[in-house]
Amino acid sequence: MESSLTVLRVSLYHPTLGTAAFINVPLELQHDTSPLLIGRGHDTHLQLQVPHLSRRHLSLEPYLEPGSTLLAFCLKNLSRKSCVWVNGLLLRFLEQVPLSVTNRISFSNIQMTIHIKRGTSLEAFVCCFHMSPSPLIYRPKAEETDE
């Protein structure tokens, strides 16, 4: 029986740079179960051409939940200077959050959505990228209330 890869459908949007910010992003990237690094540095797996982006800005980290046979993912903020919003939650330097099936992420004016379709392979996963011409997130930050 052949195992299937987990597929992450990743959409990217930048309001001023447009698709030029994602010129180095492949349409598809297969990766092992080590952390996938995102930033502007040459040593990242996903290199983005965005000013004010850290060389290593984010880390997408696969892991196994206890008792599970499927890969799960968390997102970690590696930037000392910049915050990351994940599904309305603020992540500061080295904070991380587990991802759900559908995720809305914003950082350095980049809007990113990640939709996870789980497969049975524990050795690798694949990211399929789409560069969006229109905004993906209409309320990227959680609203503060007096409650």
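**Salt bridges, sheet and core**

Guide: The side chains of Lys76 and Glu61 meet in a salt bridge, at 3.8 Å from N to O. The term denotes a side-chain nitrogen of Lys or Arg within 4 Å of a carboxyl oxygen of Asp or Glu. Lys76 belongs to strand S6 and Glu61 to strand S5, so that distant parts of the chain, 15 residues apart, are linked. Strands here are DSSP runs (E, at least two residues), numbered from the N terminus. The model is predicted: local features need pLDDT of at least 70, side-chain atom pairs count only at pLDDT 80 or more, and totals for chains, interfaces and linings use all residues. Residues are numbered from 1 along each chain as its sequence is written, and side-chain values use heavy atoms, with hydrogens and water left out.

Visitor: Is Glu61 buried or exposed?

Guide: Buried means under 20% relative accessible area, exposed over 50%, and partly exposed in between (1.4 Å probe, protein chains only). Glu61 has a relative accessible area of 16% and is therefore buried.

Visitor: How many salt bridges does a search of the whole structure find?

Guide: The search finds two. Arg56 forms one with Asp43, the closest N and O atoms being 2.9 Å apart. Arg56 lies in the loop between S4 and S5, and Asp43 in the loop between S3 and S4, so the pair ties together parts 13 residues apart in sequence. Arg56 is partly exposed because its relative accessibility is 40%; Asp43, at 44%, is also partly exposed.

Visitor: In what order do the five strands of the open sheet stand?

Guide: Two strands pair if DSSP finds at least two bridges between them. The order is S4-S3-S5-S6-S9, with mixed pairing. Strands S4 (46-47) and S9 (96-98) stand at the edges with a single partner strand each, so one side of each is left without a neighbour in the sheet. S6 and S9 pair in the antiparallel sense over three bridges, and Gln96 in S9 is the bridge partner of Lys76.

Visitor: Which residues touch the most other members of the largest nonpolar core?

Guide: A nonpolar core is a set of buried Ala, Val, Leu, Ile, Met, Phe, Trp, Tyr and Cys residues joined through side-chain atoms within 4.5 Å. Of the 33 residues in this core, they are Leu8, Leu12, Leu48, Phe107 and Phe129. Elements giving two or more residues to the core include strands S1 (6-13) and S12 (124-131).

Notes: Helix = DSSP H or I, 4+ residues; strand = E, 2+ residues; numbered from the N terminus.
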